[in-house]
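Me: Hi! Could you walk me through the structure I'm about to paste?

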Amino acid sequence: KWGNNVKDLLQELSIYHIELEHQNSALEQSEKELASSQAEYVELFEDAPIGYVIIDNERKIKKINKTFLNAYIPASARSSQVEGHSFDEFVCPEFKTTFELFCKMLKKPGIPVPVELKIFDRFCHPHYVLMTAGERRSETDSYRLTISDISMQKRMEAQLVQAKDKAEESDRQKSLFLTSVSHELRTPLTTVIGFSEILNDPQKC
């Protein structure tokens, strides 16, 4: 009987061992898939064509991607040297209030409306950017900002406004010219018409 108990126990241990191997195999596969997903996320984050900045509740930078680094950080600096600094340092003075209001909206439910700001690039030149934000990450208490340079779009808008103003001014000048010419022509023409009527009426001669 004791021998049978040992045999049964060994059989159970063998079954547990097989199940454990299956579980370990599934766990290793899950870890590989997780590592692959993380690598894909990092690649997408780093190589995105727009700037990504992750900030915390105090607007301090936690992480930036290569696009933002290359466009807005001096060549001598590295991303690790920027982490911990306030994003306010990049915002032009006249847009700091707008940025503060935007950050307050981040703490409210939902996704805030995108805003247009001016921030300094790596050469301290101001650039217009469109800033959007994803939802708050509760596990890290942070927000991901998306930075899109719209300076060219702004320049084109300014050029269109200038062209419109020039066209309107040209139309105004044409109208003034025609009004003036019309007045200048009416005065002598009235006199000529009067003399013509006199000449054509023998009784008035």
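Reply: Happy to! This is a predicted model, where local features need pLDDT of at least 70 and side-chain atom pairs count only at pLDDT 80 or more, while totals for chains, interfaces and linings use all residues. Residues are numbered from 1 along each chain as its sequence is written, and side-chain values use heavy atoms, with hydrogens and water left out.

Me: Which residue does Asp88 pair with?
Reply: Arg59, with the closest N and O atoms 2.9 Å apart. The pair links distant parts of the chain, 29 residues apart: Asp88 sits in the loop between α3 (79-82) and α4, and Arg59 in the loop between β1 and β2. Helices (H or I, at least four residues) and strands (E, at least two) are DSSP runs, numbered from the N terminus.

Me: Is Asp88 buried or exposed?
Reply: Buried, at 12% relative accessible area, whereas Arg59 is partly exposed at 22%. The cut-offs are under 20% for buried, over 50% for exposed and in between for partly exposed (1.4 Å probe, protein chains only).

Me: And what does Lys63 meet?
Reply: Its partner is Glu46, at 3.7 Å from N to O. Lys63 is in strand β2 (residues 61-64) and Glu46 in helix α1, so this pair ties together parts 17 residues apart in sequence.

Me: Switching topic: how many cavities of 30 Å³ or more turn up?
Reply: The search finds 1, and the largest cavity holds about 40 Å³ of space. On a 1 Å grid over the protein atoms alone, a cavity is a set of points where a 1.4 Å probe fits but cannot get out; a pocket is an open set with protein on both sides within 12 Å along at least five of seven lines, and lining residues have an atom within 4 Å of a point. Volume is the space filled by probe spheres set on the points, which are joined across faces, edges and corners.

Technical notes. Salt bridge = Lys/Arg side-chain N within 4 Å of Asp/Glu carboxyl O.
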